[in-house]
Amino acid sequence: MKMAAYCRVSTGKAEQLDSLENQKAFFQEYAQRSGHQLVEIYADAGTSGVSLRRRDAFARLMRDAEKGLFELVAVKDVSRFARNTVDFLQSIRRLKRLGVNTLFLTANMDSLGESEFVLTLFSALAQEESANLSKRVKFGKKLNAQKGRVPSQVFGYDRIDAFHLAINPQEAETVREIYRLYAQEGLGCRTISQRLNAENRRTKTGCAWTPRGVRRVLENSIYCGDYVNNKCEVQDYLTGKRAPVPPEQRCHHPRPEWAIIPPALYEKAQALLTLRRTQYGAPNPQTRYSGRHAFSTLIQCASCGKSFCRKQYTYRATRVYWKCATNDQRTASACGNRVKLEEPALYEALRDWLAAAIPDQTAFLKNAVAEANRRRPRRRSTPAEKARDLLEARRLLSLETAANGDLRRLIERVIIHEDGLAEIRIRDLSLPK
């Protein structure tokens, strides 16, 4: 009988890799002893059994079963096959439909001979073992967080041991530069990352800087001497989804000797981060403000609450459109809003909508000029300043020439529903902000 074997270890550590080699040798010996023809040994290293994600060898095994390459799959133990009862049953049933028998050698059971009830019990036990392991790991991490254990890598520092860091002078200079550019010069995370890369500065792992990496530096209070542990934890061990821990449950460890920047500069950066996130009414607390494009963080998905992202595709001609960031990055399983907004059509629709929403454009322009004069320091406006104010007010009504900030003075939010209907929230046009 043509036989395939499947083995798996949870981590990529040397001792577990040795275990993987031992499992392979075991299956080769078993095939010879049993008189089976061993087609292939499918092995996953460093992957968890609670999910089918990133188990490339297992996915390949299922595809080869569809091709009829073998009639029997040998697995040493139920827990090596899967630690998720749902995944276990679905995979077993799929193999049974293909006429492939699954043999669990330790328990001396097979999927065609044993009842599904017995297999389910063993699978549930394997899942419960994984749940208990997750609880123990979480408890251990919480104790280490209370003691002030530091991660293996923190930019700006060299790790001495599990609880002590030393400032890295070269990396600390980059940290100071990031805070100076953001809090003192007012540059955004994207611009800062581009400047750091132009100066050939690199991250801890030698990679180029990204806006996300710059933002993580700005949000880490360790740089002002306040080390915070236990910021997030695994919410569901089956999916591995992490969730932030409430601020009152986090572990604070004052480490003034680790301070790279003064606390006042850190607080200034946090205030600026909050301001940029909320000044245009970010739809989601986790949504970061972006002013890179005219509609950045301005179009909101009605299903998941996240902003639409700008996509550009070029094949013969260039196509620019906007779609839900969650649907784009995490597929329809996370958000079913598949609506795509072509950017030229979006400009045209908004221009027509604003023309109908502002029937008296002359009065609107006068109010815009009056508001500009009200915000200017008290002195008499020159004719040149009045002409400039009128020109800027007219630009508000021309979306093609309007700057990013001008567009946001008019429109507060564009909410897109899954059926394609749009809900436009406009600011108070009688008093532009």
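Q: How does E342 count by relative accessibility?
A: E342 has 30% relative accessibility, so it counts as partly exposed. This is a predicted model, where local features need pLDDT of at least 70, side-chain atom pairs count only at pLDDT 80 or more, and totals for chains, interfaces and linings use all residues. Residues are numbered from 1 along each chain as its sequence is written, and side-chain values use heavy atoms, leaving out hydrogens and water.

Q: With which residue does E342 form a salt bridge?
A: The criterion is a side-chain nitrogen of Lys or Arg within 4 Å of a carboxyl oxygen of Asp or Glu. Here the partner is R319, with the closest N and O atoms 2.7 Å apart. The pair links distant parts of the chain, 23 residues apart: E342 sits in strand β15 (residues 340–342), R319 in strand β14 (residues 317–324). Strands are DSSP runs of E, at least two residues long; helices are runs of H or I, at least four; both are numbered from the N terminus. R319 is partly exposed, with a relative accessible area of 31%.

Q: How many salt bridges does the structure hold?
A: The count is 18. One of them joins D64 to K67, with a closest N to O distance of 4.0 Å. D64 is buried at 8% relative accessibility. K67 is exposed, at 61% relative accessible area. Another pairs the side chains of K323 and D328, N to O 4.0 Å. K323 counts as buried at 10%, while D328 is partly exposed at 27%.

Q: Which residues are linked in a network of salt bridges?
A: E177, R180, E185 and R195 form such a network.

Q: At what angle do helix α6 and helix α8 pack?
A: Axes are lines fitted to C-alpha atoms, for helices over the stretch in contact; angles between N-to-C directions run from 0 to 180 degrees. Under 35 degrees is roughly parallel, over 145 roughly antiparallel, 65 to 115 roughly perpendicular, and the rest oblique. Helix α6 (residues 169–184) and helix α8 (residues 211–219) pack at about 95°, axes 10 Å apart. The two are therefore roughly perpendicular to each other.

Q: Which residues make the contact of α6 with α8?
A: Contact means heavy atoms within 4.5 Å. From α6 come V175, I178, Y179 and Y182; from α8, V214, V217, L218 and E219.

Key: Buried means under 20% relative accessible area, exposed over 50%, partly exposed in between (1.4 Å probe, protein chains only).
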